[in-house]
Amino acid sequence: MRKRILGMLLLLLGMFFLSGLEVEAADQVHTVSSQETVESIAATYDISAEQLMKTNGLPDGKLYEGQMLRIIQTAYTPSIYQWAERGKQIANYAKSFTGFKKTAGEETPIKGFDSSGLIHWVLSRQKVPIDRLSVEGYYKQGMDTDTPKAGDVIFFLEKGSSKVVTAGIYLGGNRFVNSGYGAETVQVRSTSEKYFAQYQAAYKTYTPKGEHVVQNNETLKSISDNYGVSVDTIKKRNALPTDSLMQGQYLQIYSSPLYPFYANQETSYDKAYAVIKYAYTLRGFTYVFGEYDPMIGMDCSGFIYWVMKEQDISIKRGSAADYYSLLPKIKEPKAGDLVFFRDTDLSQEITHVGIYLGDGRFIHTTKNTGVHITDLTSSYYNQKFESFGQVQINMD
């Protein structure tokens with residue numbers, strides 16, 4: 001009798017623990033130790049280095065002691081839509097930092113993360129061009145989504161207001177990776193936990209949705225065949241001047257743009273929408289001072305020059321100060337106008353320029369982030385803002 005009762009207790013205990021396990025718990029987890037490499041870990045489990053990197057969304061071979069890597073033996077198979085695959089990689093990469101310490105104001109695995117620092121590290125390392133902001137800044141900058149997916153950002157707001165309490169990287173299934181709030185380390189949390197349940201959850205997307213990131217040797221024809229969307233339609237949606245593509249370009253495949261800031265904006269000139277659409281394709285391209293070719297890199301004025309030139313707008317290669325001197329200054333910008341910033345040192349020179357998109361956003365390129373979209377209300381750019389410049393078709 002005692003044996004039967006004991007057996008029943010063990011069975012119930014086992015059912016209790018099993019019911020709390022996620023499906024993915026069956027996956028092996030390897031905790032990175034000092035001196036280990038992607039290659040050495042892959043060899044240990046008899047899988048390829050590529051498999052290990054794809055499973056965990058590793059952007060490169062850099063590993064950090066304490067990082068937790070999932071080991072999956074089955075062959076890696078990418079999703080049919082690239083945006084979904086990238087979202088999963090972002091989520092998996094965020095999860096690999098479970099257990100890393102929470103440190104206020106920090107944003108690296110070595111020093112630790114606060115909640116916004118974790119978001120910045122994960123997204124920027126996954127080549128999502130994004131500024132280093134507070135959680136409030138990320139809430140203003142991201143695009144709303146009613147259908148959150150892995151890799152999006154989840155925000156917790158005080159009910160009845162838009163005050164952001166904390167944020168994390170969404171994993172799907174009401175789970176997310178967060179640094180802080182009830183823990184001293186990065187943890188996988190649930191929206192059903194008592195602390196988080198008292199707040200209103202909102203989701204923003206930074207990962208491409210309905211976009212394709214051009215890979216090496218891809219052509220418009222091959223991308224067209226892959227998605228079943230005509231070459232002419234892809235060219236029109238991205239204002240591509242030719243059939244030539246550059247590796248790393250973001251191509252809008254579907255009709256609804258990810259960043260529709262300009263959608264209901266009055267334009268400054270006939271080609272303004274085309275300029276903006278083409279500028280979007282260059283998000284993430286690197287900054288190189290004095291250059292204007294995306295394949296080499298571009299500084300802020302070089303970015304303006306390249307985009308305008310490719311859209312057949314007559315413009316000389318100049319500096320931000322040169323463009324500032326050419327354009328009439330206005331207080332009410334339209335989509336496609338330029339926005340200028342003045343350095344705050346003693347020289348007080350015009351040192352930066354971007355393209356105004358509407359709704360308080362502009363697209364530009366900076367040293368740390370490359371080509372990306374920024375909100376004018378961010379404290380850094382609000383402080384340096386000088387004026388808007390009305391774009392004229394002939395800027396010679």
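**Strands, helices and cavities**

Modeller: Let us begin with a pair of strands, S8 (residues 175-179) and S9 (residues 186-190), which run antiparallel to each other and are joined by five bridges. Please keep in mind that this is a predicted model.

Colleague: Which residue of S9 is the bridge partner of phenylalanine 176?

Modeller: S8 and S9 pair in the antiparallel sense, and phenylalanine 176 takes part in this pairing through a bridge to S9. Its partner there is arginine 189.

Colleague: In the hairpin of S8 and S9, which residue takes a positive phi?

Modeller: Between the two strands of this hairpin there are six residues. The one with a positive phi, near 110 degrees, is glycine 180.

Colleague: Why is one side of S9 left without a neighbour in the sheet?

Modeller: The open sheet has six strands with antiparallel pairing, in the order S5-S10-S6-S7-S8-S9. Strand S5 (143-144) and S9 stand at its edges, so one side of each has no neighbour in the sheet, and each is left with a single partner strand.

Colleague: What is the bridge partner of phenylalanine 340 in S17?

Modeller: Strand S16 (residues 338-342) pairs with strand S17 (residues 350-358) in the antiparallel sense, over five bridges. For phenylalanine 340, the partner in S17 is valine 353.

Colleague: How are H8 and H9 oriented to each other, roughly parallel or roughly perpendicular?

Modeller: Helix H8 (residues 220-227) packs against helix H9 (residues 231-238) with the axes 9 Å apart and at an angle of about 105 degrees. Angles of 65 to 115 degrees count as roughly perpendicular. The two helices, H8 and H9, are therefore roughly perpendicular.

Colleague: Which residues of H9 make the contact with H8?

Modeller: On the H8 side, the contact is made by Leu220, Lys221, Ile223 and Ser224. By class, the contact has four nonpolar, one polar and two charged residues. The residues of H9 are Val231, Ile234 and Lys235.

Colleague: What is the volume of the largest cavity?

Modeller: Searching the whole structure gives two cavities of 30 Å³ or more. The lining of the largest cavity includes Pro129, Tyr206 and Ile373, and by class it has six nonpolar, one polar and two charged residues. The volume of this largest cavity is about 100 Å³.

Definitions and conventions
Residues are numbered from 1 along each chain as its sequence is written. This is a predicted model: local features need pLDDT of at least 70, side-chain atom pairs count only at pLDDT 80 or more; totals for chains, interfaces and linings use all residues. Side-chain values use heavy atoms; hydrogens and water are left out. Two strands pair if DSSP finds at least two bridges between them. Helices (H or I, at least four residues) and strands (E, at least two) are DSSP runs, numbered from the N terminus. Axes are lines fitted to C-alpha atoms, for helices over the stretch in contact, and angles run from 0 to 180 degrees between N-to-C directions. Angles under 35 degrees count as roughly parallel, over 145 as roughly antiparallel, 65 to 115 as roughly perpendicular and the rest as oblique. Contact means heavy atoms within 4.5 Å. Ala, Val, Leu, Ile, Met, Phe, Trp, Tyr, Cys and Pro count as nonpolar, Asp, Glu, Lys and Arg as charged, and the others, Gly among them, as polar. On a 1 Å grid over the protein atoms alone, a cavity is a set of points where a 1.4 Å probe fits but cannot get out, and a pocket is an open set with protein on both sides within 12 Å along at least five of seven lines; lining residues have an atom within 4 Å of a point. Grid points are joined across faces, edges and corners, and a volume is the space filled by probe spheres set on the points.
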